[in-house]
Amino acid sequence: MQSSLKCIPQNMQEYAPATQRNREPILEVLLQVLPKSGTILEIASGTGEHAIFFAPRLSPRKWLPSDPNPQLRASNTAWAKQFPCDHLYPPLELDARQPIWAVEENILPEWLSQGLKDSPIVAIVNINMIHISSWSACLGLMAGAGRILPPGGILYLYGPFKQGGKHTAPSNAAFDESLRAQNPEWGVRELEDVIAAASTHNLRFKETYQMPANNLSVVFERGQKP
């Protein structure tokens with residue numbers, strides 16, 4: 001899996017300070033909720049720091065990062081070059097808003113096509129995306145998870161949420177205001193709206209976990225096919 005890493009300079013690494021703070025608590029939840037084997041597809045992998053931390057610690061599961069941004073995919077590859085792991089795939093170009101995701105098509109590179117045959121996708125992880133993207137990205141995420149996940153497959157979300165129409169902390173309210181000032185399509189989402197969107201794609205809400213900095217882990221399970 002590491003053959004594509006040779007030409008990527010290490011200085012293309014980007015950094016997200018929140019990763020250092022949240023990766024251990026997120027890992028604790030993932031170890032509880034993820035299937036014991038299979039491939040974990042990460043949507044919106046960002047810098048790649050989560051990928052290189054989780055992949056070796058979630059073995060024998062495989063970790064497949066993805067991002068629509070080529071600069072961030074390069075950062076993923078640079079991090080993986082510094083911290084190689086046999087269970088970590090190179091990053092895939094994937095935009096959650098697309099009606100068909102790359103993992104659904106028959107044009108996958110050989111290394112991924114064979115890998116997913118041997119170890120199919122059983123879970124999707126999405127960290128800190130839906131509040132810094134349009135609502136259409138959240139809807140696309142739910143639609144894709146509904147198409148791709150097998151019965152019993154897991155969708156894991158992490159980030160800030162409103163509950164009952166209210167922010168869970170003053171800091172989240174201020175964060176929400178700053179996000180909407182940057183882009184009116186962004187903002188902290190209402191948990192009930194996210195659950196409703198998931199339910200339309202046969203994703204059953206299972207549980208929330210309180211996390212650092214007034215964030216939540218939100219876990220969904222793919223229902224049985226009709």
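In which sense do strand 1 and strand 3 pair, and over how many bridges? The points below answer this and then go through the rest of the predicted model.

1. Strand 1, residues 39-43, pairs with strand 3 in the parallel sense, and the pairing runs over 5 bridges. To find the place in the structure, look for Glu 42, which stands opposite Val 125 in strand 3.

2. Strand 3 also pairs with strand 4, which covers residues 154-159. This pairing is parallel too, over 5 bridges. Here Ile 124 has Leu 155 of strand 4 as its bridge partner. Between strand 3 and strand 4 the chain passes through helix 5, residues 135-148, and this β-α-β crossover is right-handed.

3. Is strand 3 largely enclosed or open? Of its 7 residues, numbered 121-127, 7 are buried, so the strand is largely enclosed by the rest of the structure.

4. Next, the aromatic rings. The structure holds 6 aromatic pairs. In one of them, the ring centres of Trp 79 and Phe 83 are 6.2 Å apart and the planes meet at 20°. Planes under 30 degrees apart count as stacked, so this pair is stacked. Ring pairs also bring in Tyr 15, giving a cluster of Tyr 15, Trp 79 and Phe 83.

5. Phe 83, at 39%, counts as partly exposed. The class of partly exposed lies between buried and exposed, and exposed begins over 50%.

6. Another aromatic residue, Trp 101, has a charged neighbour: Arg 147 lies over the face of its ring, at 5.8 Å from the ring centre.

7. Finally, the largest pocket. The space in it is about 960 Å³, and 40 residues line it. Those nearest its centre are Ile 127, Asn 128, Met 129, His 131 and Ile 132.

8. Which element gives the most to the lining of the largest pocket? Helix 1 does, with 4 residues. Helix 1 spans 17-33, and at least two lining residues each come from helix 1, strand 1, helix 2 (49-57) and helix 6 (170-182).

Methods: Residues numbered from 1 in each chain as written. Predicted model: local features only at pLDDT ≥ 70, side-chain atom pairs only at ≥ 80, totals over all residues. Heavy atoms only, no water. Phe/Tyr/Trp six-rings, centres within 6.5 Å; stacked < 30°, edge-to-face > 60°. Buried < 20%, exposed > 50% of the residue type's maximum accessible area, 1.4 Å probe, protein only. Lys NZ or Arg CZ within 6 Å of the ring centre and 35° of its normal. Pairing = 2+ DSSP bridges. Right-handed = clockwise from strand over helix to strand, strands pointing away. 1 Å grid on protein atoms, 1.4 Å probe; cavity = no way out; pocket = protein on both sides within 12 Å on 5 of 7 lines; lining within 4 Å. Points joined across faces, edges and corners; volume = space filled by probe spheres on them.
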